[in-house]
Amino acid sequence: MSSSPENPGSTRIAAGQPSGRKRPSGLKIAIAAGILAVLAAGVAVATTAANNATPGSANAAAVTSPATELKLGYFGNITHAAALVGVQKGFIAKELGDTKLSTQVFNAGPAAIEALNAGAIDATYIGPNPAINSFVKSKGESISIIAGAASGGAQLVVKPEIKTAADLKGKTLASPQLGGTQDVALRAWLGKQGYKTNTDGGGDVAINPTENAQTLKLFQNGKLDGAWLPEPWASRLVLQAGAKVLVDEKDLWDGSLTGKPGEFPTTILIVNKKFAAEHPQTVEALLKGHVEAVKWLNSTPAAEKAKEVNAALKEAAGKALPQEVIDRSLKNIVFTVDPLAGAFKKLLQDGVDAGTTKQADLNGIFDLAKLNEVTGEKTSAAGLGKE
């Protein structure tokens with residue numbers, strides 16, 4: 001950043017030549033005091049002007065300029081279809097304009113949060129619990145939730161011989177990553193069934209956080225009894241490994257918290273708070289691209305949507321999926337820009353009960369003001385932030 005010239009626009013004040021008559025000493029002191037007062041007032045005015053610079057000034061422009069690059073994270077999951085098609089079809093890049101879009105694909109939320117907090121990415125699609133955990137640990141300084149992306153599409157799938165929750169005692173289950181949204185959901189549900197679990201894998205039911213692709217292999221090899229997974233992995237275990245659904249998470253949400261029975265936040269869009277403060281134009285552009293992607297997902301015929309999502313998934317994860325897996329997965333998901341903020345106090349409590357986060361005040365975790373500007377609608381922050 002270039003430095004400004006020294007004392008721009010300053011005026012040097014000098015005493016005049018002495019007249020023939022000598023001024024009284026008291027008058028000299030008064031004049032000197034007056035000069036000092038004028039100088040002090042000038043400094044105060046200059047300081048006030050600098051602090052209240054308009055957005056068009058050089059200083060303000062430097063603080064709120066569009067970013068030269070947006071580093072965006074997302075997962076190779078169908079619950080992240082808004083990101084998949086937003087990137088693949090160019091919705092996000094188009095809105096970013098001259099801002100370069102770089103992407104990074106993650107397996108689960110805690111790894112994405114680590115990258116966001118380290119500055120390796122600026123924004124990411126993610127499940128709600130890792131976002132909550134980051135907000136709590138940073139005392140509200142790390143992230144803002146700026147939109148929803150998907151609801152539903154998470155299930156506990158198990159071996160066919162497991163008929164009820166009572167059959168899970170002593171069994172080994174998997175989740176994508178410790179502290180991730182499905183991990184917390186699994187631990188919270190098991191707790192309500194009377195089981196104790198530990199974050200180190202011990203307890204009445206063992207939970208092994210495992211990468212999704214590895215979970216499929218382990219289940220096929222008989223080394224896992226089940227897993228709580230997002231789509232398409234739940235569908236893959238059912239259709240490619242013979243698993244059955246023991247719990248569809250949508251059945252656990254009666255709508256009392258959100259007004260939408262059967263809906264719960266699976267994927268949201270978050271941004272690093274510092275990045276958002278410095279580049280609000282870029283965040284708005286990201287939201288415009290995101291909203292366009294969600295509109296496309298909700299207005300496109302099923303066959304075309306499945307084809308495009310599968311192509312985007314192949315680009316992100318390296319492999320396309322069988323048609324039946326794509327079809328089943330998409331039927332289980334609602335794509336929405338509403339983050340379902342009313343669910344977040346329960347999600348926090350589930351994390352506390354699971355031992356993966358601490359009790360805290362979530363006020364300020366949402367900043368939905370720009371989303372509502374972009375959509376022209378009123379998406380609620382449920383009293384937990386701006387809208």
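Modeller: Two strands pair if DSSP finds at least two bridges between them; strands (E, at least two residues) and helices (H or I, at least four) are DSSP runs, numbered from the N terminus. This is a predicted model, in which local features need pLDDT of at least 70 and side-chain atom pairs count only at pLDDT 80 or more, while totals for chains, interfaces and linings use all residues. Residues are numbered from 1 along each chain as its sequence is written, and side-chain values use heavy atoms, without hydrogens and water.

Colleague: In which sense do strand 6 and strand 8 pair, and over how many bridges?

Modeller: Strands of a sheet pair through backbone hydrogen bonds, either parallel or antiparallel. Here strand 6 (residues 172-175) and strand 8 (residues 226-230) are parallel, with 2 bridges. Leu173 has Gly226 in strand 8 as its bridge partner.

Colleague: What is the strand order in the open sheet of 5 strands?

Modeller: The order is 7-6-8-5-9, and the pairing is mixed. Strand 7 (206-209) and strand 9 (244-248) are the edge strands, each pairing on one side only. From one strand to the next, the twist averages 25 degrees. Helix 8 (residues 212-220) packs on this sheet, touching strand 5 (154-158), strand 6 and strand 8; contact means heavy atoms within 4.5 Å. The direction of helix 8 makes about 150 degrees with that of strand 8, where axes are lines fitted to C-alpha atoms, for helices over the stretch in contact, and angles run from 0 to 180 degrees between N-to-C directions.

Colleague: Which residues of helix 14 are buried?

Modeller: Buried means under 20% relative accessible area, exposed over 50%, and partly exposed in between (1.4 Å probe, protein chains only). In helix 14 (residues 344-354), Phe344, Leu347, Leu348, Asp350, Gly351 and Ala354 are buried. Their arc around the axis is only 160 degrees, so they lie on the same side of helix 14; the arc is that of the directions from the helix axis to the C-beta atoms. Lys345 and Asp353, on the other side, are exposed. Among the elements that the buried residues pack against are helix 6 (128-137) and strand 4 (143-152).

Colleague: Where does Asp338 lie?

Modeller: Asp338 is in the loop between strand 11 (333-335) and helix 14. Asp338 counts as buried because its relative accessibility is 18%. Its side chain makes a polar contact with the side chain of Lys260 (2.9 Å); such a contact is a pair of N or O atoms within 3.5 Å, and within protein one must be able to donate a hydrogen and the other to accept it, with residues adjacent in sequence counting only if both atoms are side-chain atoms.
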